[in-house]
Amino acid sequence: IEGMVGIYKNKYWWIKQIATIIGFLESSFSVIFGWMYIYGTQDMVQYSLLTTVYGTASTIAMVITPLLLRKLGNRGILLFHNVANIGCLSLMFLVYKNPFLFFCCMYLNAVFNQLQLVYDPVLNAEVKDYQQFLTGKRVDFLLGSAATITVPITLCTGLVIPFVYE
């Protein structure tokens with residue numbers, strides 16, 4: 001219990017948990033993108049081309065992440081990533097009737113999401129080190145257990161997805 005209380009005082013752990021909670025909307029938008037082309041425009045050639053282009057987002061992220069890390073640091077890039085995701089998701093709500101603009105927002109969102117492939121392992125180590133700094137104990141094994149506090153929030157996000165689909 002002492003270890004769990006210590007983890008709940010770790011601000012970096014909370015930032016990572018909030019980032020995980022926000023991520024649920026991203027998968028729903030990729031489903032909507034598929035629906036737009038399969039049922040809406042029914043242009044499977046364009047859909048397959050855009051899906052191929054969508055796959056290049058991680059390459060761009062891999063190139064720009066080291067530059068952003070030098071400029072913003074790990075915590076700064078995590079905050080940038082979350083703010084950028086929220087911005088992209090908000091724009092997708094506004095432009096969902098235009099498949100091309102929707103794709104552009106979704107592509108940018110994918111670029112921002114792939115930043116975490118580089119910064120996340122280092123940030124995980126920083127969260128654990130900060131936890132040890134706060135409490136004097138290494139409680140890595142409790143980090144996953146402490147995340148169960150967000151389970152009710154995760155379950156409630158399941159109520160939002162049908163609204164997004166509608």
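What percentage of the 166 residues of the protein count as buried? In this predicted model, the share that counts as buried is 34%.

**Figure 1. Overall secondary structure of the predicted model.** The protein contains nine helices and zero strands. Followed along the sequence, the elements give the pattern α-α-α-α-α-α-α-α-α. Of the 166 residues, 34% are classed as buried.

**Figure 2. Close-up of the crossing between helix 4 and helix 6.** Helix 4 spans residues 44-54 and helix 6 spans residues 99-114. Their axes come within 10 Å and cross at roughly 25°. Because angles under 35 degrees count as roughly parallel, helix 4 is described as roughly parallel to helix 6. The crossing of these two helices is right-handed.

**Figure 3. Close-up of a nonpolar surface patch formed by Leu91, Phe93 and Leu94.** Together, the three residues present about 310 Å² of accessible area. Leu94 belongs to helix 5, which covers residues 57-95. The relative accessible area of Leu94 is 67%, so this residue is classed as exposed, the cut-off for that class being over 50%.

Figure 4. Thr20 is located in helix 2, which comprises residues 11-22. With a relative accessible area of 58%, Thr20 is exposed.

Technical notes: Residues numbered from 1 in each chain as written. Predicted model: local features only at pLDDT ≥ 70, side-chain atom pairs only at ≥ 80, totals over all residues. Heavy atoms only, no water. Patch = residues over 30% accessible without salt bridge, like charges linked within 9 Å, V, L, I, M, F, W, Y side chains within 5 Å. Areas by Shrake-Rupley, 256 points an atom, 1.4 Å probe, with all protein chains shown as cover. Salt bridge = Lys/Arg side-chain N within 4 Å of Asp/Glu carboxyl O. Helix = DSSP H or I, 4+ residues; strand = E, 2+ residues; numbered from the N terminus. Buried < 20%, exposed > 50% of the residue type's maximum accessible area, 1.4 Å probe, protein only. Axes fitted to C-alpha atoms, helices over the stretch in contact; angles between N-to-C directions. Parallel < 35°, antiparallel > 145°, perpendicular 65-115°, else oblique. Left-handed = near helix turned anticlockwise from the far one by under 90°.
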